[in-house]
Amino acid sequence: GPSTAMVEVRAVELGSESTSAAGEITKLVTTLSGVTVTNEDALVGTNPEDDDALKRRCLDRTGALSPNGPRDAYAYVARNTTRENGDAIGVTRVATQADGAGRVNVWVATPSGGVDSSDLERIDQAMKEQAEPLAVNAVVESASNLSIPVTYELWMYSSAGLTSGQVDKLVSDAVTRLFQTTPIGGHLAGGVRRLYVSDLASTIDSVRPEIFRVAITEPSADIPVLINQAPVAGTISGTVHQVAGGGL
């Protein structure tokens with residue numbers, strides 16, 4: 001009868017070009033009768049470390065030199081821990097919360113979201129060896145994926161010379177990049193953690209200079225985010241209106 005299973009996948013192409021929005025992975029390389037495949041959340045491919053990411057790791061390193069377990073130390077260890085074969089785990093997002101009684105929760109996520117159990121064990125062991133001070137219990141956990149579908153409508157001048165499909169792809173990539181850099185727990189403002197619809201709208205608007213109006217219908221309001229949740233892109237769908245004129 002019908003059943004489902006989670007499987008590991010490997011990208012054919014290295015780097016960000018392998019990024020796939022939710023629902024874009026639909027084919028098996030080796031076909032199996034009666035078997036279909038899809039990805040519920042976006043899978044994000046990352047390019048070699050850029051200067052900004054390297055600078056951030058260098059700054060985190062200073063925290064790792066302290067015996068007092070500052071946040072930078074936890075972030076440094078989480079981002080630098082590798083698998084047994086030397087491959088990077090790929091943690092890019094770290095959030096911490098101390099309970100004031102000797103426990104520190106450390107949540108970790110990759111650009112695509114949560115970290116699997118075997119990688120989590122490696123990070124936990126490294127955390128105890130390199131960052132956990134005496135009389136403190138650092139508990140490392142994977143962030144929970146908060147999948148957020150996005151539905152948009154945009155208006156742009158046809159002078160861009162792009163098809164609607166090409167614009168959809170540009171928007172999908174930009175929105176996926178936005179989610180991969182959104183902190184665990186979202187953005188904290190006024191004591192509340194959220195993912196803001198205005199961030200989505202401005203991200204889409206910046207894709208092409210010919211875009212002059214963006215409307216977001218889903219989510220219809222700012223999304224509350226818990227401190228242990230990593231926002232990830234769900235299904236991204238949109239309608240592109242091409243308007244004559246606009247010689248930019």
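Val115 counts as buried because its relative accessibility is 9%; buried means under 20% relative accessible area, exposed over 50%, and partly exposed in between, with a 1.4 Å probe and protein chains only. The model is predicted: local features need pLDDT of at least 70, side-chain atom pairs count only at pLDDT 80 or more, and totals for chains, interfaces and linings use all residues. Residues are numbered from 1 along each chain as its sequence is written, and side-chain values use heavy atoms, with hydrogens and water left out.

Val115 sits in the loop between β2 (103–109) and α3 (117–130). Helices (H or I, at least four residues) and strands (E, at least two) are DSSP runs, numbered from the N terminus. Contact means heavy atoms within 4.5 Å. Leaving aside residues up to four places away in sequence, Val115 touches Ile89, Val91, Val108, Ala109, Thr110, Leu120, Ile123 and Ser142. Pro231 is 116 residues from Val115 in sequence; their C-alpha atoms are 13 Å apart in space.

An open sheet of 3 strands has the order β1-β2-β3, with mixed pairing. Its edge strands, β1 (93–98) and β3 (137–142), each pair on one side only. The twist averages 20° from one strand to the next. Two strands pair if DSSP finds at least two bridges between them. β1 and β2 run antiparallel and are joined by 6 bridges. Ala95 has Trp107 in β2 as its bridge partner. Helix α3 lies across β2 and β3, at about 160° to β3. Axes are lines fitted to C-alpha atoms, for helices over the stretch in contact, and angles run from 0 to 180 degrees between N-to-C directions.

A second open sheet also contains 3 strands, in the order β7-β4-β9, and its pairing is mixed. β7 and β9 (229–243) are the edge strands, each pairing on one side only. Here the twist averages 25° from one strand to the next. Between β4 and β7, which run antiparallel, there are 6 bridges. Leu154 stands opposite Val214 in β7. Helix α4 packs on this sheet and touches β4 and β9; its direction makes about 155° with that of β9. Helix α5 lies across β4 and β7, running at about 145° to β7.

Helix α2 (residues 71–80) is mostly covered, with 7 of its 10 residues buried. They are Ala73, Tyr74, Ala75, Tyr76, Val77, Ala78 and Arg79. In α5 (residues 197–205), the buried residues include Val197, Leu200, Thr203 and Ile204. These residues cover an arc of only 125° around the axis, so they lie on the same side of α5. The arc is that of the directions from the helix axis to the C-beta atoms. Among the elements covering the buried residues of α5 are β4 (144–157), α4 (164–180), β6 (192–195) and β7 (211–218).

The whole structure contains 1 aromatic pair. Tyr157 and Phe212 form this tilted pair, at 4.7 Å centre to centre and 35° between the planes. Rings of Phe, Tyr and Trp (its six-membered ring) pair if their centres lie within 6.5 Å; planes under 30 degrees apart count as stacked, over 60 as edge-to-face and the rest as tilted. The pair links distant parts of the chain, as Tyr157 in β4 and Phe212 in β7 are 55 residues apart. Tyr157 is partly exposed, with a relative accessible area of 27%. Phe212 is partly exposed at 41%. Arg213 lies over the face of Trp155, 4.2 Å from the ring centre. A charge sits over a ring if NZ of Lys or CZ of Arg is within 6 Å of the ring centre and within 35 degrees of the ring normal.
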